[in-house]
Amino acid sequence: MNTITQKISIEKVKTSKIDQVDFDNLAFGSVFTDHMLVCDFRNGAWETPKITPYQPISLEPSAKIFHYGQSIFEGMKAYKDTANKIWFFRPFDNHKRLNISANRMAIPEIPEEYFMEGLKALVELEEAWIPQKDGSSLYIRPFIFASGKGFHASPADEYKFIICLAPSGSYFSGKVKVLIEEKYSRSANGGVGYAKAGGNYAGQFYPTQLAAKKGYSQVIWTDDNNHEYIEEAGAMNIFIRIDDTLITGPTSDRILDGITRKSILQIAEDEGINTEVRKITVNEVVEAAKNGRLKEMFGAGTAAVISPISTFGHRDVDYDLPELEKSYATRLKKRITDIQYNRAEDPFGWRHGL
Ligand code: PLP
Ligand code: COI
């Protein structure tokens with residue numbers, strides 16, 4: 001069934017935790033609002049979503065999520081403008097991508113109405129939790145996992161779709177130093193790299209820990225064939241500016257089709273910045289760094305927004321990026337966040353009011 005037949009029920013908390021939150025010093029994704037949305041898939045159909053207090057979930061130890069990792073998620077944000085109106089950014093794209101991930105992981109698709117109505121009902125209830133400070137927003141985490149039980153290695157018969165909310169500040173604190181990875185791979189041809197599958201992230205933790213021991217906060221993944229081409233970072237797509245051209249790799253079945261990435265490409269074109277979507281080799285970037293043509297590198301993603309990279313490491317050599325007064329990163333970040341926070345016109349029709 002693609003439409004919700006009953007009203008979304010709301011069970012409210014007795015006492016809100018909101019007074020315990022320091023909204024001036026928010027980290028990323030570490031405090032959660034009072035309520036969550038829960039929707040169960042049973043007997044071949046999604047049931048009516050309900051809003052409950054944010055609380056632990058009870059699952060059987062044989063639930064397939066624990067054994068076979070059938071789990072996908074999305075990342076999006078809600079913003080509050082100076083008139084207290086609430087905005088989402090391209091939420092239908094997150095819904096579509098959740099279902100692309102669902103298909104790849106043999107998880108039942110969530111209908112648009114369940115996603116959008118559930119999202120709106122929850123965010124409306126938690127409206128007071130949306131930070132207004134510049135750089136802060138309400139991070140939204142919709143996810144689906146296999147709650148059905150059984151050790152048989154096959155898709156579960158029951159799933160939970162949940163949305164949790166976390167008032168959040170910046171994803172990175174301090175400078176972003178990245179390491180170009182040439183041993184481990186995040187994804188492979190024909191694999192699940194284009195899906196926002198939980199396991200894609202778990203698989204990155206160990207190589208990222210190794211990089212962290214050398215002082216890098218993120219790994220830049222390269223293709224799994226020959227580690228020749230720049231792909232993306234752990235939680236963001238990558239843009240590279242050589243001279244005045246902004247380059248990003250094409251999406252593929254190994255790379256997440258980022259909503260921020262495609263928005264930045266459109267904004268850059270609108271701003272008259274020369275853009276190229278093409279494969280870019282590690283060698284080209286290293287050569288450009290050596291001969292002074294590498295002007296900027298930055299990551300782009302919902303959590304990361306636009307995060308300038310200060311240094312990249314390659315084969316035990318660190319290359320520092322120049323600190324530009326008028327960087328593309330600053331210019332594009334202003335354009336995209338002005339649209340997100342309703343501080344500027346949205347010629348692209350991306351902003352979606354609650
Ligand atoms: N790449 C990966 C692996 C990610 O986890 C994310 C974050 O969602 C992105 C790229 C950026 O995607 P988006 O801009 O849609 O948030
Ligand atoms: C996001 O940017 O929303 C993401 O999903 C990245 C996440 C791993 C923090």
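Modeller: Let's start with asparagine 200, which is buried, with a relative accessible area of 5% (buried means under 20% relative accessible area, with a 1.4 Å probe and protein chains only). This is a predicted model, in which local features need pLDDT of at least 70 and side-chain atom pairs count only at pLDDT 80 or more, while totals for chains, interfaces and linings use all residues. Residues are numbered from 1 along each chain as its sequence is written, chains are lettered from A and ligands numbered from 1 in the order in which they are written, and side-chain values use heavy atoms, with hydrogens and water left out.

Asparagine 200 sits in helix 4 (residues 198-213); helices are DSSP runs of H or I, at least four residues, numbered from the N terminus. Leaving aside residues up to four places away in sequence, asparagine 200 touches Arg186, Val192, Gly193 and Ala195, where contact means heavy atoms within 4.5 Å.

Now for the wider setting. The domain assignment of the protein chain gives domain 1 (3-168) and domain 2 (176-340), with bounds that come from an automatic or database domain assignment. Taken over C-alpha atoms, the centres of domain 1 and domain 2 are 28 Å apart. Between these domains, 20 residues of domain 1 are in contact with 22 residues of domain 2.

How values were computed
Helix = DSSP H or I, 4+ residues; strand = E, 2+ residues; numbered from the N terminus. Buried < 20%, exposed > 50% of the residue type's maximum accessible area, 1.4 Å probe, protein only.
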